[in-house]
Amino acid sequence: MAFFRPRVSREAEVRYHADVEISKSFPQLLDQAREAERVVRELRAADADEIELLAAGRAFDKALTEALRAAEAGQRAAFGVKAYDDRIARRKARATPKGAQWTREVDRLRTLREENRMWGIPRVPPPVPSAR
């Protein structure tokens, strides 16, 4: 009697290798997000006008989004190839120390991005066109 393990799909292998490559850029993207956050904090401390804060807040949001995408790719890669096709394998991988670490990092970045979107980017009304 032979037992055969089901193989993972070719698509899962391709996605896994793509996520591994994307996750390699995570440290650089996280540094860029930290730099953008520093700029936002400096502008707030200097009481900059809302237009400058708007631009800095949007730049911070863009940097956070890129870092979050890389962190999510790292999380999926840490879960392993089988987790792309199998919900239970994904759940088990999330409970490993490496999987839990990536999950905490992704949650932290999501929270930071949502906080920035809610409170960090000022709401500037659009300019009113002059009627002539």
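Tyr84 counts as buried, with a relative accessibility of 10%; buried means under 20% relative accessible area, exposed over 50%, and partly exposed in between, with a 1.4 Å probe and protein chains only. Before going on: this is a predicted model, in which local features need pLDDT of at least 70 and side-chain atom pairs count only at pLDDT 80 or more, while totals for chains, interfaces and linings use all residues. Residues are numbered from 1 along each chain as its sequence is written, and side-chain values use heavy atoms, with hydrogens and water left out.

Back to the tyrosine. The structure holds two aromatic pairs. In one of them, Tyr84 and Tyr16 are arranged edge-to-face, 6.5 Å centre to centre with 85 degrees between the planes. For the terms: rings of Phe, Tyr and Trp (its six-membered ring) pair if their centres lie within 6.5 Å, and planes under 30 degrees apart count as stacked, over 60 as edge-to-face and the rest as tilted. Tyr16 lies in helix H1 (residues 10-23) and Tyr84 in the loop between helix H3 (50-79) and H4, so this pair ties together parts 68 residues apart in sequence. Helices here are DSSP runs (H or I, at least four residues), numbered from the N terminus. Tyr16 itself is partly exposed, at 22% relative accessibility.

Next, salt bridges. How many salt bridges does a search of the whole structure find? The search finds 15, where a salt bridge is a side-chain nitrogen of Lys or Arg within 4 Å of a carboxyl oxygen of Asp or Glu. In one of them, Arg76 meets Asp19 at 2.8 Å, N to O. That pair links distant parts of the chain, with Arg76 in helix H3 and Asp19 in helix H1, 57 residues apart. Asp19 is buried, at a relative accessible area of 5%, whereas Arg76 is partly exposed at 33%.

Another salt bridge joins Glu21 and Lys24, at 3.1 Å from N to O. Salt bridges that share partners join Arg7, Arg10 and Glu13 into one network. Arg7 is exposed, with a relative accessible area of 71%.

Last, a backbone item. Most residues other than glycine have a negative phi. Asp47 has a positive phi, near 55 degrees. Asp47 sits in the loop between helix H2 (26-45) and H3, and is exposed, with a relative accessible area of 69%.

Notes
Helix = DSSP H or I, 4+ residues; strand = E, 2+ residues; numbered from the N terminus.
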